[in-house]
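Dear colleague,

I am passing on a structure that I would like you to look over when you have the time. My notes on what was found in it follow below.

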Amino acid sequence: MNLRTAEYPRPDYFLLHLSDTHVLANGGRLYDRVDSARHLAELFAEVEASSGRPDAIIITGDLADKGEADAYALVRSIVEPAAARLGARVIWVMGNHDSRPAFRAELLGQPSSTAPIDRVDYIGGLRIITLDTSVPHHHYGTVTDAQLAWLTGELSVPAPDGTILAMHHPPVPSVLDLAVSVELRGQDRLARVLRGTDVRSILAGHLHYSSTAMFAGIPVSVASATCYTQDLNVPVGGTRGRDGARAFNLVHVYPDTVLHSVVPLGSYAPLDYIDPEESARRLAESGITIMDAGTLPALREPPMTTPIPVLR
């Protein structure tokens with residue numbers, strides 16, 4: 001038997017990335033038909049059934065469609081118990097439909113304020129920076145000079161395992177013409193701050209469809225919405241929402257790469273099924289070993305600074 005080690009070990013970190021839940025209070029439905037709270041609950045039921053155990057759940061904005069306090073309470077009642085069962089930390093990100101005062105009070109337990117909600121969280125040695133790109137009472141996004149200065153300071157010291165930047169408005173081109181009216185403005189200023197830093201991936205939402213691109217030399221991964229999505233087969237120049245094709249993303253962080261995978265929501269007819277035990281048996285029979293996380297050194301150059309202690 002030829003023995004072989006798989007090209008990659010198990011990932012160092014596993015993140016669940018979803019976006020645009022657009023939950024309404026008091027049983028409200030989007031377009032009078034889309035039950036966004038039910039779709040969010042179904043997502044977590046599917047995740048739990050998969051036995052996947054993410055280290056963190058990152059929701060990149062537009063949690064409450066109208067910024068209602070009761071809608072945030074409903075989101076929490078769905079997300080936080082599921083996160084507790086999964087053993088995952090929840091990282092909330094502001095979107096253009098969100099209300100900073102209600103978001104702070106209901107999700108973060110902080111005093112009401114209209115200031116941008118920018119945060120730094122650590123999952124082990126992986127730094128997750130949350131950047132608030134929302135503009136109150138508008139749907140386009142921007143980042144203020146004060147935020148850029150804060151971000152510059154945070155990124156001046158690399159994190160042990162690099163940084164993931166989470167924001168609502170993605171710094172990517174628009175497939176749909178009308179989307180340029182609600183895009184992130186002043187992207188060149190943000191690019192100057194990010195270029196050459198330890199940011200390994202940018203997670204975003206807002207578009208209601210999955211998309212990927214590069215920005216300032218950094219991969220960008222846009223998660224589709226959990227409520228309703230945009231049909232990209234619409235006649236060119238048009239825009240058409242649809243009650244379906246919902247999805248979320250899996251993010252696996254390896255020593256030298258970050259893998260983003262799109263997971264469609266819903267059940268489909270299976271063609272076959274190989275359970276975990278049989279998979280392990282077949283790999284062992286073939287002499288293939290997948291190394292545990294952390295058993296291979298990172299190929300990236302180590303930071304030339306003292307590592308930041310892990311915050312818990």
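This is a predicted model: local features need pLDDT of at least 70, side-chain atom pairs count only at pLDDT 80 or more; totals for chains, interfaces and linings use all residues.

As to the overall form, the protein chain holds six helices and 15 strands, and its C-alpha trace spans about 65 × 50 × 40 Å along the principal axes. The radius of gyration is 20 Å, which agrees with a compact globule, because a globule of 312 residues would have a value near 20 Å. Of these 312 residues, 46% count as buried, while the chain exposes about 15,200 Å², of which carbon and sulfur atoms supply 54%. Among the contacts in the chain with a separation of 6 or more, 70% are accounted for by residues 24 or more positions apart.

Most residues other than glycine have a negative phi. H22, however, has a positive phi near 50 degrees, and H137 likewise has a positive phi, of about 70 degrees, although it is not a glycine. H22 sits in the loop between β2 (13-18) and α1 (36-49), whereas H137 is placed in the loop between β6 (126-131) and α4 (145-155). Are these two residues buried or exposed? H22 has a relative accessibility of 2% and therefore counts as buried, the cut-off being under 20%; H137, at 81%, counts as exposed, since that is over 50%.

Turning to helix α6 (residues 276-285), a side-chain oxygen of D275 reaches to within 3.2 Å of the backbone nitrogen of E277 at the start of the helix. Just after α6, G287 takes a positive phi of about 75 degrees.

Finally, I looked at L259, which is found in strand β14 (residues 258-264). With a relative accessible area of 40%, L259 is partly exposed. Which residues does L259 contact, leaving aside its neighbours within four places in sequence? They are L250, V251, H252 and Y254. The C-alpha atoms of L259 and P9, which are 250 residues apart along the chain, are separated by 13 Å.

Methods: Residues are numbered from 1 along each chain as its sequence is written. Side-chain values use heavy atoms; hydrogens and water are left out. Helices (H or I, at least four residues) and strands (E, at least two) are DSSP runs, numbered from the N terminus. The radius of gyration is taken over C-alpha atoms; the globule rule is 2.2 Å times the number of residues to the power 0.38. Buried means under 20% relative accessible area, exposed over 50%, partly exposed in between (1.4 Å probe, protein chains only). Contact means heavy atoms within 4.5 Å. Accessible areas come from the Shrake-Rupley method with a 1.4 Å probe; for residues, only the protein chains shown count as cover. A polar contact is a pair of N or O atoms within 3.5 Å; within protein, one must be able to donate a hydrogen and the other to accept it, and residues adjacent in sequence count only if both atoms are side-chain atoms.
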